[in-house]
Amino acid sequence: MIHMGLLSRANCYSVRRNLFTVHATSSSPVANPIQIPSKDETALILIRHGESLWNEKNLFTGCVDVPLTQKGVEEAIEAGKRISNIPIDMIYTSSLIRAQMTAMLAMTQHRRKKVPIIKHNESEQAWKSSQIHSEETKKQSIPVITSWQLNERMYGELQGLNKQETADRFGKEKVQEWRRSYDIPPPDGESLEMCADRAVAYFKEQIVPQLLTGKNVMIAAHGNSLRSIIMYLDKLTSQEVISLELSTGIPMLYIFKDGKFFRRGSPTDPSEAGVYAYTRSLALYRQKLDEMFH
Ligand SMILES: O=C(O)[C@@H](CO)OP(=O)(O)O
């Protein structure tokens, strides 16, 4: 049992990180600590970007394109170590720099040392100009596809506002409703449902076909675009998704087998790809810690 009163700030942080890599319910421990998918399986890694400069300042960020902090850089490198043994054939990121930085920094740690290369798809000319003309070199590279559909939920008129000040002004409940409810959008912004309409559609149309052809995929994206994808993968209800909280920079692993997704839960040590807080009690615990330190 953890006594929060006894925890120093530093301890709390590490407890929080460990807490969110442990799944409190279902999935059994993974027998193989390296978690390499077997032949008829492919890996899907989801990772929320590391801490950004606006996460640090506690500002609503949404689609504003803010880079990582030093801590975010370190989180991305740490995440890379956790997944360094898992094969990756394709990377999808949002069009925002914090997700792209996270993917690239994580890949610096990968055992296979393949080169992640951004495929410029903004125009036919850009695509053509970035072609590689050696099959051998292609084999040693990992295509990185960037897409706005994986961007963070657009936070509308809240973008740039301080989260605490907004809660003081509009009330904690209202702000929590904007931040976590499924279908209530913040003023002039996207609800999670609206974000899911583009992110999950993109996942089904673009990413699932890659998994079906045997490619191992990593997605580096955002708190809410990933919450919507996880909601789809884990068949969470609009009520359940309210409690789903994603920490920055913790990679999560799914195995795709026979057309189905299996979440790899309960990692056997803290250096492995983990899972996020899925239970209401863990989410509430995290909220308490957030309130203590923000
Ligand atoms: O500000 C944002 O864009 C998001 C993620 O940092 O915030 P929230 O925690 O409300 O989803």
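Predicted model: local features only at pLDDT ≥ 70, side-chain atom pairs only at ≥ 80, totals over all residues.

Two strands are said to pair if DSSP finds at least two bridges between them. One of the residues involved is Lys-257, whose bridge partner in β7 is Lys-260. Together β6 and β7 form a hairpin, with 2 residues between them. In the turn, Asp-258 has a positive phi of about 50 degrees.

I turn next to two helices, α7 at residues 163-170 and α8 at residues 172-180. Their axes come within 6 Å and cross at roughly 125 degrees. The helices α7 and α8 are therefore oblique to each other. On the α7 side, the contact is made by Thr-166, Ala-167 and Phe-170, and on the α8 side by Lys-172, Lys-174 and Val-175. Sorted by class, this contact has 3 nonpolar, 1 polar and 2 charged residues.

Finally, I would draw your attention to Gln-140, in the loop between α6 (135-139) and β4 (141-146). Is Gln-140 buried, exposed or partly exposed? Gln-140 counts as partly exposed, because it has 13 C-beta neighbours inside 10 Å. Which residues does Gln-140 contact, leaving aside its neighbours within four places in sequence? They are Lys-114 and Val-115. In the case of Val-115, the separation from Gln-140 is 25 residues in sequence, while the C-alpha to C-alpha distance is 6.3 Å.

Thank you for your attention.

Technical notes:
Residues numbered from 1 in each chain as written. Axes fitted to C-alpha atoms, helices over the stretch in contact; angles between N-to-C directions. Helix = DSSP H or I, 4+ residues; strand = E, 2+ residues; numbered from the N terminus. Parallel < 35°, antiparallel > 145°, perpendicular 65-115°, else oblique. Contact = placed C-beta atoms within 7 Å. Nonpolar A, V, L, I, M, F, W, Y, C, P; charged D, E, K, R; others polar. Buried ≥ 20, exposed ≤ 12 C-beta atoms within 10 Å, placed from the backbone.
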